[in-house]
Amino acid sequence: MRTAEQPDRSGTRGCAVRVRGLNKTYGSLGARRQVLKSVDLTVERGEMVALIGASGSGKSTLLRHIAGLAIADRESGAVELMGRPLQADGRLMPGTRKLRAEVGMVFQQFNLVGQLSLLANVLLGLLGRVPAWRGSLGLFTRQEKLKALEALARVGIAEYAAQRASTLSGGQQQRAAIARTMVQRASVILADEPIASLDPESARRVMDSLARLNRQSGVTIIVCLHQVDYALRYCARAVAMFDGRIVFDGRSDQLTPAFLREIYGSDSEELCISSGAASLGGLDGLAPAWGAA
Ligand SMILES: Nc1ncnc2c1ncn2[C@@H]1O[C@H](COP(=O)(O)OP(=O)(O)OP(=O)(O)O)[C@@H](O)[C@H]1O
Ligand SMILES: [Mg+2]
């Protein structure tokens, strides 16, 4: 693996995410495919890390294991969140419901309930925290509603609080998904291609909302991105996957075009160096290596 000027994270206690020796194999005899291969990853509290790599390299699978939505192979590795064990040796630790509630997920497909108002969608973030009967009846207190409204205001869409989620643009829905993680009081956000379906301006707003949450509230963020220019712009650290392994973990400004071509191979058009790069200030000041390409 290539690393670049990384602090020694080995043995760090109480970091936000710690993955050790994770293997994942899908399929049964004859058609088995190992999609995670001895993955080690440590993310400190308050970091914002880009996860990049070609389609099928294992990014979503890794995020799902960190969220406790997928379980690794038997006797293979471990995941800790906020210094507490989430899964080990192919088993989810008992009593991790609260721990998993600390993880907010943001997906490419906006995952809001279209028929509900934006405010109601954001209030769903409370489901892990309020008594089940109250949540299932949608009975939220005035203070909880104010908190949800405040979260919508922080991502700049409070004026749409009463509008049905399905009537809003992709970027607005994605910012509501981020507001929901605020109400959930997530310590870690795992965002799986949150801007893949958005135009450059909406993508910038969504990434700005994530970056602000990271900077102002210290929320740890791992964001899976196909658009490498956004990874360079927003994340000081990048982790690159190739065929189930982490092949780069270091400063994102040390990702070179040549290395990216290597990991994306014939799929290098997937780099999606979007027109958004120009409005982001271009690549020049961000990653000197790009200038030399
Ligand atoms: N539930 C599953 N059953 C079988 N194979 C799976 C399953 N989930 C993922 N895979 C396989 O694991 C590999 C990694 O998939 P994953 O979705 O993690 O890739 P990715 O890096 O997120 O790709 P993309 O950039 O296209 O989202 C792929 O070959 C995929 O087909
Ligand atoms: Mg994926």
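Reader: Which residue of β11 does Leu51 stand opposite?

Author: Happy to start there, with the note that this is a predicted model. Strand β4 (residues 48–52) holds Leu51 on one of its sides, and four bridges join β4 to strand β11 (residues 237–242), the two running parallel. In β11, the residue opposite Leu51 is Val239.

Reader: And which residue stands opposite Leu51 in β10?

Author: β4 is also joined to strand β10 (residues 220–224), again by four bridges and in the parallel sense. In β10, the residue that Leu51 faces is Cys224.

Reader: Is β4 largely enclosed or largely open to the outside?

Author: Let's look at its two faces. Met48, Ala50 and Ile52 are buried on one side, and Val49 and Leu51 are buried on the other. Five of the five residues of β4 are buried, so the rest of the structure leaves this strand largely enclosed.

Reader: Is Ile221 buried or exposed?

Author: Ile221 belongs to strand β10. A residue needs 20 or more other C-beta atoms within 10 Å to pass as buried. Ile221 has 26 C-beta neighbours inside 10 Å, so it counts as buried.

Reader: Which residues is Ile221 in contact with, leaving aside its neighbours within four places in sequence?

Author: Good one to trace in the model! Leu190 is 31 residues from Ile221 in sequence, yet their C-alpha atoms are 6.0 Å apart in space. With neighbours within four places set aside, the contacts of Ile221 are Met48, Ile189, Ala191, Leu210 and Asn214.

Reader: Are α6 and α7 roughly parallel or roughly antiparallel to each other?

Author: Helix α6 (residues 170–183) and helix α7 (residues 200–217) have axes that come within 8 Å and cross at roughly 10°. An angle under 35 degrees is what counts as roughly parallel. The two helices, α6 and α7, are therefore roughly parallel.

Reader: How many nonpolar, polar and charged residues does the contact of α6 with α7 have?

Author: From α6 come Gly170, Gly171, Gln174, Arg175, Ile178 and Met182, while α7 brings Ser202, Arg205, Val206, Ser209, Leu210 and Leu213. Sorted by class, the contact has five nonpolar, five polar and two charged residues.

Reader: Which helix gives the largest share of the shell around ligand 1?

Author: The residues around ligand 1 are Tyr26, Val35, Gly53, Ser55, Gly56, Ser57, Gly58, Lys59, Ser60 and Thr61. By class they divide into two nonpolar, seven polar and one charged. The largest share is three residues, and it comes from helix α1 (residues 59–66).

Reader: What share of the residues in the chain is buried?

Author: The chain has eleven helices and twelve strands. Of its contacts between residues at least 6 apart in sequence, 69% join residues at least 24 apart. Among the 293 residues in the chain, the buried share is 43%.

Conventions. Residues are numbered from 1 along each chain as its sequence is written. Chains are lettered from A and ligands numbered from 1 in the order in which they are written. This is a predicted model: local features need pLDDT of at least 70, side-chain atom pairs count only at pLDDT 80 or more; totals for chains, interfaces and linings use all residues. A residue is near a molecule or strand if its C-beta atom, placed from the backbone, lies within 6 Å of it. Ala, Val, Leu, Ile, Met, Phe, Trp, Tyr, Cys and Pro count as nonpolar, Asp, Glu, Lys and Arg as charged, and the others, Gly among them, as polar. Axes are lines fitted to C-alpha atoms, for helices over the stretch in contact, and angles run from 0 to 180 degrees between N-to-C directions. Angles under 35 degrees count as roughly parallel, over 145 as roughly antiparallel, 65 to 115 as roughly perpendicular and the rest as oblique. Two residues are in contact if their C-beta atoms, placed from the backbone, lie within 7 Å. A residue is buried if 20 or more other C-beta atoms lie within 10 Å of its own, exposed if 12 or fewer, and partly exposed in between; C-beta atoms are placed from the backbone. Two strands pair if DSSP finds at least two bridges between them.
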